[in-house]
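Work through the exercises below with the sequence and the 3D structure at hand. Each task is followed by a solution in steps.

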Amino acid sequence: MNVNQQTPMASPYGPPQPGYGQPSYAPLGGGYPGPYGPYNGPAAAYQPGAPPQGYSPYASFPSKAVAANPVSDLSSPLDLGPARGPLTSAPRPVSTPQAYSQYPQGDSQNGPPPMDHSMAQPAHRSPVSQPYSQGAMNLSGPHPSYSQQYGAPPPMQQVTNQMSGMQIGSGPPTSVGPGYAHHPSTQPPISAAYSSAAPPSYTQAPPLSAAPSQPPPPSEPAASQPYYGGPPPPQQQPFPSAHHPSQPFVSSSPYLGPPSQPQAPPVSQQQSFPPGPPAQQPFPNSAPPPVSQASYSGPPPLTQHSFPPSSQSGPFPPISISPSQYPGPQPQSQPGPPPFHSGPSPRGPVPPPSMSQQQANHLPPGPMQQQQPPQPGMQGGYPTQQNGAFGQPRGPQPGYAGPQYPGQQNYGAGPAPAPAPPAQKRLDPDSIPSPQASELPAVQKSRHRIDPDAIPSPIQVIEDDRVNKSSEPFTTGVKGQAPPLVTTNFQVKDQGNASPRFIRCTAYNMPCTADMAKQSQVPLAAVIKPLAMLPPDETPPYIVDHGEGGPIRCNRCKAYMCPYMQFIEGGRRFQCGFCSCVTEVPPHYFQHLDHTGKRVDCYDRPELSQGSYEFVATVDYCKNNKLPQPPSFIFFIDVSYNAVKSGMVNIVCQELKTLLDYLPRENPEADSVVRVGFVTYNKVLHFYNVKSSLAQPQMMVVSDVSDMFLPLLDGFLVGVNDSRMVIESLLDQIPEMFADTRETETVFGPVIQAGLEALKAADCAGKLFVFHSTLPIAEAPGKLKNREDKKLVGTDKEKSLFQPQSGFYSNLSKECVAQGCCVDLFLFPNQYVDVATLGVVPVSTGGSVYKYTYFQAETDRERFLNDLRRDVQKPMGFDAVMRVRTSTGIRATDFFGSFFMSNTTDVELAGLDCDKTVTVEFRHDDKLSEDTGALMQCAVLYTSCSGQRRLRVHNMAVNCCSQLADLYRNCETDTIINFFSKYAYRSILNTPTKTVRDTMVNQCAQILACYRKNCASPSSAGQLILPECMKLLPVYLNCVLKSDVLQPGADISLDDRAYLRQLLSCMDVSESHIFFYPRLLPLVKLDGGSLPMAVRNSEERLSKGGVYLLETGLHLFLWVGANAQQELLSNIFGTPTFSQIDPNMTSLPELDNPFSQRLREIIDSFRSQRSRYMKLMVVKQEDKAELIFKHFLCEDKSTSGGASYVDFLCHMHKEIRQLLS
């Protein structure tokens, strides 16, 4: 038999029977439908405004008539107002006072006032959050022309209700400017689903508002800031009873698909509480609450189209997030216990807290919101609050005069009547604080800049998913169900589909037709990690041995036996789920069927009940029909001047003496069967005979590197235990032999050729470990020249810098793959070494490149040795071939990763380790059926480290849909970004980087515009509406666009860009996620087993008094604020003063206190989760190293011209509007 068989043809047997009775897709009761959305095609039947059709083909969806409490598929409208101009690239000043004098009158200012106690005024406060109706409402029909206050003053009771319970302080504003962030000592917020009500679009402009002619720049902090950036957001205190889940949900907007999850209580705008007990977990029903966003006190959000010429056109309106379009009544907010207060009960007048009290509680001034009367067209006559959310109004706050408008009385002045019990509030980092309303004259209360807290927060989404999906095991038996995010710790139970640790898809609902896929532009791809390591509480794939007959396969398409095969005729034949061909069951495999048509032994056989398993392969699956030899490892050590001087040679030789005891093995009790060999080289090669019978190793020098050959057979590759004494003697002598070398030139091509010849002579597969330091300029095959030219960066010729200098290494890698020779390259460069060319062989053979620029033994030793140990010990397969088969209708068309392909279907890998992924893109070649879904099977044939030939099989079934809304409901953004980044990083080999960036922005805009056009309810063009599972697509895409490969800063080398480009090509989804959006943890309270809640990647979130840990997947930074508390510094560094901290330390001192122990545990656990060891770098605030640290704060503008998240979101909105118009 042969794994390389022809592609399937049409079946003569008609449509397949409904095989493998999977339950149809039922959304889980909590969290987002899918972590993030990928791509899929248009829905023909989907007419905006058309009455909803009976919709779901899946029995398990509630029908449209059922008034569930939907929340999971909310779209998120962001009201961005008129389109903004092109992105600017100037870096944002950190704390400059910004007085806005371009307004018609008065000294208005954006953001908190300067630190003057007499001026400290309460800030704007958002309304109590309520669930909301569908999308943004476009209120058509005549509207009264409201003044700035929007109509007559509301009744006293309403105002009382609205303002009751608010904590207004006279303390100074916090440091962050308009987007208040809170001090890290408050608890991290429990996340809320990011979807809040959109503000209604008013058709009359408020007559009093005058638009600023020169809007303030969007990305500058407003007032002079008392400290460095904002402290991180506080803990949200959710209240499970914030609404009645039993209340139905009513919508006036057209359909959008059945709810897939129960509604959770919405979340109110930011309010600060003292730290509450962490035990208060939100949402008993486990669905994330929508977040209600506040708008500013000025006029309502405006759009370009719905206003007469007199309307205001401030370009930086607030953002509102609106829910998805669901029918059903609106839940009301229930009164509940009052929020926490540090002062007296909110029922009586609450005096403003003193400055010290407010600082002690870290309370920013609470934003204040004006009430407006019901609008025509609103349901149920709820008064809308200014952000369009419905719900209880709030009462006045004693001591707050409130903004004054001409002809209106001051509601806040007198003592407040006894208010109704205040509606419950919840802290939320995604809320929208606005500039100080009370600072501005009435006429100038216009919107200033989009608040970063008002836009979708990755931290919030990650936290929601963790809260909702980490408690229950993820069972894979439900077809087409999106798994938890890669950032969530969860257990997997294999029930017929491969675990998400092996396969993650961009879309778990594939479009039925190619037209629909093309319309939506969502990429259809799977990121496959065939040999992924599983956590200890999950069972590794079972090994199935069918004896000499080998695995059971379909006769036509050669798919392997799996849960999608349907047994017929009493079990004597089976019908293939991929190509529908019917195949006889071999007599030894026959088994009777039960009353449901399943085999009686279904659950006893892994291949009939599991998504992933292994077959023992027969000799038919081996090269030359001969069982393979165990693999060999050969170590090539560069002994040129630079390598010896840096200490690398000495470190490698010392480490290998102990590392050889840890060669990979399948049985931990047995000795490894891997054989080893040793070579040193500079511009000639030195081979060593380490035969066990020798007293001392023998060296043989090959100086004719132009025609490489192996000078000895016997004694070069040996078993470690047999030759241990000789090997240790050799490793002791190598550093001494070359200690005084003056040879600076090296070769590289002949080194690979030598290893290849050795493996050919031994007739085995294996791996070469090459430790190399300089550009190979010595006369030899594969000689390179220095072609580093910074002047080409940004030009059309830049792509040549990423291509190999010659075809030599491409041809050499082809020979290596044929022999099963995998190459891992460890680079120690002090200058340009042309990684783009040297990396060709490792990347083509399934190997890895490690790079230690300016290697110094004392600081880089730990990182290098950890990488080397892991690389030698990790489980891997050799001489591998992978093929992906699919059911009729789609096929695998493109592949990304570290491998070689000699034809269009087989991915060939000389080595495949547990960290490597292969990303596969699918395209339609026919229509898919909603009834049968789509199937894929990834089969990898490889030689295990014990020398056994095996087949690992992973199966995945996804749903198919004819409605675009279903596609957008079941995507995974992290996987889409993984695919997009690999696609873009490969494209720069042939296309200018600017073109690549523009293409990515355009495709992302098309994805979101298609959703807006076909799935979202009609709303004003001024709103950006994002699908719930793709609301982070813009922020993550911006991180990809700003990455060093696509938009380099002046200080990044070409080698680093080539290295990162190659590194990303085989990253899995969890590694690409942290690579593009690093994790920033405030180190406040580290007691207990849980991690502190991360904060968003922006300088605004850093508190001068805090210490933060930043993880990028390749680096760890410990940022220390200049005003960090002495106790904190003593606990971490053992010194109480900031100035005594040594910024050059690479490991923390082991101090005997719980904080130090817990911090070191966290750092160790982060390192254990990554395939590369992350070196720790201590960064003191205002130190020169802080520039490197800030480079990874990816929500801010980058020094290389990358846009901030806020600016990019506005740019994306403009692109979407252009596509829609």
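Buried means under 20% relative accessible area, exposed means over 50%, and partly exposed lies in between (1.4 Å probe, protein chains only). The model is predicted, so local features need pLDDT of at least 70 and side-chain atom pairs count only at pLDDT 80 or more, while totals for chains, interfaces and linings use all residues. Residues are numbered from 1 along each chain as its sequence is written, and side-chain values use heavy atoms, with hydrogens and water left out.

**Exercise 1. Describe the chain as a whole.**

Step 1. Buried residues account for 64% of the 1221 residues in the protein chain.

Step 2. The accessible surface is about 41100 Å², and carbon and sulfur atoms hold 52% of it. Such areas come from the Shrake-Rupley method with a 1.4 Å probe; for residues, only the protein chains shown count as cover.

Step 3. The chain has 23 helices and 30 strands. These are DSSP runs numbered from the N terminus: helices are H or I with at least four residues, strands are E with at least two.

Step 4. A contact means heavy atoms within 4.5 Å. Among contacts between residues at least 6 apart in sequence, 81% join residues at least 24 apart.

**Exercise 2. Find the residues that touch the most other members of the largest nonpolar core.**

Step 1. A nonpolar core is a set of buried Ala, Val, Leu, Ile, Met, Phe, Trp, Tyr and Cys residues joined through side-chain atoms within 4.5 Å.

Step 2. The largest such core has 176 residues, and those touching the most other members are Met510, Phe687, Val770, Met882, Phe922, Leu1109 and Phe1133. Helix H16 (residues 993-1014) supplies the largest share of this core, 10 residues.

Step 3. Another core lies apart from it, with 43 residues, including Phe633 and Leu730.

Step 4. Take Met882 as an example. Beyond its neighbours within four places in sequence, its contacts include Ile528, Pro530, Val907, Cys938 and Val940.

**Exercise 3. Is leucine 1046 buried or exposed?**

Step 1. Leucine 1046 lies in the loop between helix H17 (1033-1041) and helix H18 (1054-1064).

Step 2. Its relative accessible area is 0%, so leucine 1046 is buried.

Step 3. The contacts of leucine 1046, leaving aside neighbours within four places in sequence, include Ala984, Tyr985, Ile988 and Val996. The C-alpha atoms of leucine 1046 and alanine 984 are 8.2 Å apart, although the two residues are separated by 62 residues along the chain.

Step 4. Contrast methionine 737, which lies in helix H8 (residues 724-737). Methionine 737 counts as partly exposed because its relative accessibility is 40%.

**Exercise 4. Describe how strand E29 pairs with E28 and E30.**

Step 1. Two strands pair if DSSP finds at least two bridges between them.

Step 2. Strand E28 (residues 1107-1111) and E29 run antiparallel and are joined by 5 bridges. Glutamate 1111 is opposite leucine 1116 in E29.

Step 3. E28 and E29 make a hairpin with 3 residues between them, and glycine 1113 in the turn has a positive phi of about 95°.

Step 4. E29 and strand E30 (residues 1175-1180) run parallel, with 6 bridges joining them. Histidine 1115 is opposite lysine 1175 in E30.

Step 5. Of the 6 residues in strand E29 (residues 1115-1120), 5 are buried, leaving the strand mostly covered.
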